[in-house]
Amino acid sequence: MQFDQTTPILRSFDEAKAREFYVDFLGFTVDFEHRFEPGMPLYMQVSRGDCVLHLSEHHGDCCPGAGMRIRVSDIDAFHAELSAKHYGHAHPGIHDTPWGSRDVSVTDPFGNRLTFTSAVST
């Protein structure tokens, strides 16, 4: 038996802020959007490389305040990319962990913490 990739669902509350953070700042692409009808909550998928995230405005899907670790092949280049954007709501640093990874942590506008890392703990 083999398990495959997971797709976390993160709570969001504001479409414009979600796009500004995930697309403009982090460099993800919007893959799809869904609303049951105009004016209803948004459910969308964003991705960058093999990293896929679902963002939901539906209150029953998930709670804000999630945390996750996302492996990045070149954490220093990613950190430089983020630093060059001068995003007004986050200025992430890069740090070496006691367990040997290099991490860049950011919190989205909805309280979800994303830690981009050179190695996911096993």
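What you have here is a predicted model. The chain averages a pLDDT of 93, and 98% of its residues score at least 70. Among the elements, strand β3 (residues 43-48) has the highest mean, 98. At the other end sits strand β6 (residues 95-96), with the lowest mean pLDDT, 93.

Start with an open sheet of four strands, in the order β1-β4-β3-β2 and with mixed pairing. Its edge strands are β1 (9-11) and β2 (29-34), and each of these pairs on one side only. Ignoring direction, neighbouring strands in this sheet are turned by 25° against each other on average. Helix α1 (residues 15-25) packs on the sheet and touches β1, β2, β3 and β4. The direction of α1 makes about 155° with that of β2.

Now for the pairing itself. β1 and β4 (residues 51-56) run parallel, joined by three bridges. You can find L10 opposite L55 of β4, while R11 has S56 as its bridge partner in that strand. β3 and β4, on the other hand, run antiparallel and are joined by six bridges. R48, for example, has C51 of β4 as its bridge partner. These two strands form a hairpin with two residues between them, and G49 in the turn has a positive phi of about 60°.

## A closer look at β4

Strand β4 is mostly covered, with six of its six residues buried. In a regular strand, side chains alternate between the two faces of the sheet. Here, C51, L53 and L55 point one way, V52, H54 and S56 point the other way, and all are buried.

## The other sheet: β5-β8-β7-β6

There is also an open sheet of four strands in the order β5-β8-β7-β6, again with mixed pairing. β5 and β6 stand at its edges with a single partner strand each, so one side of each has no neighbour in the sheet. β7 and β8 pair in the antiparallel sense over five bridges. If you want a landmark, look for S105, which stands opposite T115 in β8. Helix α2 lies across β7 and β8, running at about 35° to β7.

## The nonpolar core

Which residues have the most contacts inside the largest nonpolar core? They are F21, Y22, F25, L26, L53, L114 and F116, in a core of 26 residues. Two or more residues each come from α1, β3, β4, β5 (67-71), α2 (75-85), β7 (102-107) and β8 (113-117). The largest share, four residues, comes from α1.

F116 is a handy one to click on. Leaving out residues up to four places away in sequence, F116 touches L26, I70, V72, I75, F78, R102, D103, V104 and V106.

Not counting residues up to four places away in sequence, V23 touches A18, F28 and V30. V23 and A119 are 96 residues apart in sequence, and their C-alpha atoms are 23 Å apart in space.

## The cysteines

How many disulfides does the model have? The count comes to zero. C51 is in no disulfide, and the nearest cysteine sulfur, that of C62, is 15 Å away. C51 is buried, with a relative accessible area of 16%.

A disulfide needs the two sulfur atoms within 2.5 Å.

Key. Residues numbered from 1 in each chain as written. Predicted model: local features only at pLDDT ≥ 70, side-chain atom pairs only at ≥ 80, totals over all residues. Heavy atoms only, no water. pLDDT = per-residue confidence, 0-100. Pairing = 2+ DSSP bridges. Axes fitted to C-alpha atoms, helices over the stretch in contact; angles between N-to-C directions. Contact = heavy atoms within 4.5 Å. Core = buried A, V, L, I, M, F, W, Y, C linked by side-chain atoms within 4.5 Å. Buried < 20%, exposed > 50% of the residue type's maximum accessible area, 1.4 Å probe, protein only.
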